[in-house]
Amino acid sequence: EIWHTGSAGTIKNITGNLNITNTGSNTIINADNITFQSGDQGETIARFLDDGACELWYNNTKKFETTDTGVRIPDSQKYEVGAGADMLLFHNGTNNYIRSDNGTLYIDSSGGEQMVTAIPNGAVELYHDNIKTFATTSTGIDVWGPEGGDGHVHINADEGDDNSDKWKLKADVNGGFSIQNYASGAWENNLTAIGNGATDLY
């Protein structure tokens, strides 16, 4: 059925499918705004707005829209990755979330260097130049130096803007451990200890 009420035109099909077939090159619909709705007009499916957004809806709730700078997903709606929604990105109106619902979460560089690894029910690992230097454990943290190098933990008071604010815990490759300060502008020992050996105070 095709009719016009004087204010709106309508094409209505009440039996079977309504098929529009074009065997030529393009099918063009000209309108300022286009809205696709369910058969009873009770739910919006998609909207395409002149000089504005393209919107996709699910169960009458907007899930996705284009903007002048990219795309937008509304608050509390999730960007799902994987066949089983294995990873989620979303904003709940207050905070931002990256959620891994299946497997380990990796953050790496375009060259494939590891930067962060987050293991469910396990460690969060931090890397420097593709070398693991820090990880959480069930009892605290672990810190590593590079292969053949010392391990350092720096502790800075008051934003570390004065030499006297700076302290360092150092495990060296020869089996020694030291607590050092930077008050003089160079690292100096306050305490040194050798495994199965002496401990010295300065």
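Here is a short walk through the charged pairs, a charged patch and one loop of this structure. You're looking at a predicted model, where local features need pLDDT of at least 70, side-chain atom pairs count only at pLDDT 80 or more, and totals for chains, interfaces and linings use all residues. Residues are numbered from 1 along each chain as its sequence is written, and side-chain values use heavy atoms, with hydrogens and water left out.

Let's start with charges that pair up. Side chains of opposite charge can pair when their charged atoms come close. Here a salt bridge means a side-chain nitrogen of Lys or Arg within 4 Å of a carboxyl oxygen of Asp or Glu. By that rule, the count is six salt bridges.

Some of these join up: Arg-47, Glu-55, Lys-62, Glu-65 and Arg-72 form a network of salt bridges. Zoom in on Glu-55 and Lys-62, whose closest N and O atoms are 3.8 Å apart. To say how covered a residue is, we use relative accessible area: buried is under 20%, exposed is over 50%, and partly exposed is in between (1.4 Å probe, protein chains only). Glu-65 is buried at 11%, and Arg-72 is partly exposed at 46%.

Now find Lys-170, which forms a salt bridge with Asp-150, with 3.7 Å between the closest N and O atoms. Lys-170 sits in strand E17 and Asp-150 in the loop between E15 and E16, so this pair ties together parts 20 residues apart in sequence. (Strands, marked E, are DSSP runs of at least two residues, and helices, H or I, of at least four, numbered from the N terminus.) Asp-150 is partly exposed, at 26% relative accessibility.

Gly-145 is also in the loop between strand E15 (141-143) and E16. What does Gly-145 touch, leaving aside its neighbours within four places in sequence? It is in contact (heavy atoms within 4.5 Å) with Asp-150 and Gly-151. Gly-145 is partly exposed, at 27%.

Finally, look at the loop between strand E16 (151-156) and strand E17 (166-171), where you'll find Asp-161. Asp-161 belongs to a negative surface patch with Asp-158, Glu-159 and Asp-162. A patch takes residues with over 30% relative accessible area and no salt bridge, joining like charges within 9 Å and nonpolar side chains (Val, Leu, Ile, Met, Phe, Trp, Tyr) within 5 Å. Asp-161 itself is partly exposed, at 47%.

Note on methods
Accessible areas come from the Shrake-Rupley method with a 1.4 Å probe; for residues, only the protein chains shown count as cover. Lys and Arg count as positive and Asp and Glu as negative; His and the chain ends are not counted. The place of a charge is taken as NZ of Lys, CZ of Arg, CG of Asp or CD of Glu.
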